[in-house]
Amino acid sequence: MSYKLGLVSVSFRSYTPREILEKMKSCGLTHIEWGSDVHVPPEKASEIKELQEEYDIECCSYGTYFRLGVTPIEELESYIDAAKILGTNVLRLWCGDKNSGDYTDEERAKLFDDCKKASDIAKEHGVVLCMECHNNTYTNTKESAYQVIKTINSENFQMYWQPNQNRSEEENIKYATLLSPYTVHLHVFNWKGKEKFPLFEGIEIWREYLKCFDKDRTLLLEFMPDGKIETLESETRALKEIIK
């Protein structure tokens with residue numbers, strides 16, 4: 001396997017894009033997922049692209065806060081345009097605004113219709129939309145995530161994967177295995193419930209998680225166990241240890 005290693009910029013919302021890129025460069029990380037909420041709203045994409053080139057860091061995805069079924073579909077193209085300026089064809093979207101079990105049949109049908117419209121727009125623009133396997137979204141379980149992916153049935157509508165800190169390691173492995181063919185990037189951290197732990201303490205389980213994926217992926221560190229940007233150094237060392 002040949003992994004690309006990077007960082008999700010929302011890990012450091014209180015730091016500037018330059019400060020983040022500078023720290024990434026010193027740690028040997030080469031890819032970044034920019035968040036659209038603080039660091040790169042669409043109108044700042046060109047400015048950030050220049051910074052990326054200065055530090056020789058590649059944008060592998062654009063982490064938007066576009067919510068399917070909630071955000072007007074007409075706003076999607078502005079995020080797609082920004083992603084292309086940043087140099088990526090991968091965008092993160094959120095699938096709905098509540099857990100799958102809380103949707104009525106009518107609400108589900110409306111959400112899936114929105115997903116289909118979004119995937120059609122993505123296909124037209126040559127980009128890939130990726131859902132998060134997050135609580136409080138429709139893709140909160142492996143079954144519901146698989147349902148929406150199979151229903152939309154488009155190469156332009158895929159998934160991210162990350163372990164759910166409120167589920168067992170066994171359940172997370174099942175989720176990873178089922179969604180592996182549709183997973184583009186992985187978010188990497190070591191959490192249990194509301195507590196965050198150093199990634200060095202999760203090396204073995206992360207090696208098990210990676211066995212679920214049969215092709216190269218981009219591994220993106222997300223949030224530090226103590227919230228400090230200085231800790232990126234040790235978390236990067238742990239990430240490199242995982243893939244040895």
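Buried means under 20% relative accessible area, exposed over 50%, and partly exposed in between (1.4 Å probe, protein chains only). The model is predicted: local features need pLDDT of at least 70, side-chain atom pairs count only at pLDDT 80 or more, and totals for chains, interfaces and linings use all residues. Residues are numbered from 1 along each chain as its sequence is written, and side-chain values use heavy atoms, with hydrogens and water left out.

**Exercise 1. Cysteines**

Solution. 
- Apply the rule: a disulfide is a pair of cysteine sulfur atoms within 2.5 Å.
- The count is zero.
- Take C59. The nearest cysteine sulfur belongs to C60 and lies 6.2 Å away.
- C59 has a relative accessible area of 2%, so C59 is buried.
- Take C133. The nearest cysteine sulfur is that of C130, 11 Å away.
- At a relative accessible area of 5%, C133 is buried.

**Exercise 2. Helix pair**

Describe how α2 and α3 pack.

Solution. 
- Locate the helices (DSSP runs of H or I, at least four residues, numbered from the N terminus). Helix α2 spans residues 45-55 and helix α3 residues 76-86.
- Their axes (lines fitted to C-alpha atoms over the stretch in contact, with angles from 0 to 180 degrees between N-to-C directions) come within 8 Å and cross at roughly 20°.
- Therefore α2 is roughly parallel to α3; angles under 35 degrees count as roughly parallel.
- The crossing is right-handed, with the near helix turned clockwise from the far one by less than a right angle.
- List the contacts (heavy atoms within 4.5 Å). Helix α2 gives A45, S46, I48, K49 and Q52; α3 gives A82, I85 and L86.

Methods:
Helices (H or I, at least four residues) and strands (E, at least two) are DSSP runs, numbered from the N terminus. Angles under 35 degrees count as roughly parallel, over 145 as roughly antiparallel, 65 to 115 as roughly perpendicular and the rest as oblique.
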